[in-house]
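Hello,

Here is the structure I promised to pass on. Please open it first, then read my notes below.

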Number of protein chains: 2
Amino acid sequence: MMSKKPTSDGMEILDRMIGDDTEVREMYEQAKVNVHVAQLIYDARTEAGLSQTALARMIGTTQSVISRLEDADYEGHSLSMLSRVAQALDREVKIDLVPIVPSLEDASFPSPSV
Amino acid sequence: MMSKKPTSDGMEILDRMIGDDTEVREMYEQAKVNVHVAQLIYDARTEAGLSQTALARMIGTTQSVISRLEDADYEGHSLSMLSRVAQALDREVKIDLVPIVPSLEDASFPSPSV
DNA sequence: AATACTTATCGCAATATTGATATAATAGTT
DNA sequence: AACTATTATATCAATATTGCGATAAGTATT
């Protein structure tokens, strides 16, 4: 089961690097989304059995663009590009802004060990 | 219960206008996402009890920018902007590319009336 | 109706993303 | 090793988004 893009474990690394620092939170959340989207595109493409070049042609762009989209460090993700990719791969873009529950870890009792 | 942005029922209207035409599909899906995101931002802001000006200041921009984001016709949504808004409103950006099941409505039996 | 508050819209400069080509690097095959 | 296919990176012009001020328009309150 190899679903992760082999060159990047960005999510996990990031998650462990940052605590509750309000200062870095902004950049962190941003980076988290970027890494996630890059992974989404990579997964969708590989599951469809397509090369970057093949996908690029389907949405009317070039291979380097797709490679850039799948780069975990890429910060320029747009919803229009995500839509184009999704449609070519017969997928639907689902987006939501889910409320963050104020503090589950601040409770005085230890969190249940699943 | 008034959660919809009063000036726009874009989603419903769009849904009824388009059938299976592969030609228009591209623009349609794009527009659908745009309308949805605009609504997400509007909902999140109003539920937080903030004015456009107030939210704008929280994320370091101006009121006209927020108004533009909430415009159903706006096509320039970026994930970075969505992240900024989400964070200011204590929300998390959730994104997914869900596979579209080929044809549930093409079945020879009528769809169950819920 | 005047005031205060909120939102919509326009225009334009600043900035960022995209498109595209070329090239390097990696992997797999024969 | 040579060949092929795939992916990563760099650069730059073209395009699109953002920032921002000004202003119009809509709501509510007094």
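This is a predicted model: local features need pLDDT of at least 70, side-chain atom pairs count only at pLDDT 80 or more; totals for chains, interfaces and linings use all residues.

DNA strand C first. It is surrounded by 19 residues. The closest are A:S64, A:Y74, A:S78, A:R84 and B:Q52.

- A:S78 places a polar side-chain atom 2.9 Å from a phosphate oxygen of DNA strand C.
- A:G76 uses its backbone: an N or O atom there is 3.3 Å from a phosphate oxygen of DNA strand C.
- A side-chain N or O atom of A:T62 is 3.4 Å from a base nitrogen of DNA strand C.

Both protein chains take part. The elements that give two or more residues to this surface are α4 (63-69) and α5 of chain A, plus α3 (52-58) and α4 (63-69) of chain B.

Now α5 of chain A, residues 79-88. The helix is mostly covered, with seven of its ten residues buried. Those seven are A:L79, A:M81, A:L82, A:S83, A:V85, A:A86 and A:A88. Just after the helix, A:D90 has a positive phi of about 55°.

Last, A:D43. This residue sits in helix α2 (residues 22-47) of chain A. A:D43 counts as buried because its relative accessibility is 15%, and the cut-off is under 20%. Its C-alpha atom is 9.4 Å from that of A:E70, 27 residues away along the chain.

Best regards

Key. Residues are numbered from 1 along each chain as its sequence is written. Chains are lettered from A and ligands numbered from 1 in the order in which they are written. Side-chain values use heavy atoms; hydrogens and water are left out. Buried means under 20% relative accessible area, exposed over 50%, partly exposed in between (1.4 Å probe, protein chains only). Helices (H or I, at least four residues) and strands (E, at least two) are DSSP runs, numbered from the N terminus. A residue is near a molecule or strand if one of its heavy atoms lies within 4 Å of it. A polar contact is a pair of N or O atoms within 3.5 Å; within protein, one must be able to donate a hydrogen and the other to accept it, and residues adjacent in sequence count only if both atoms are side-chain atoms.
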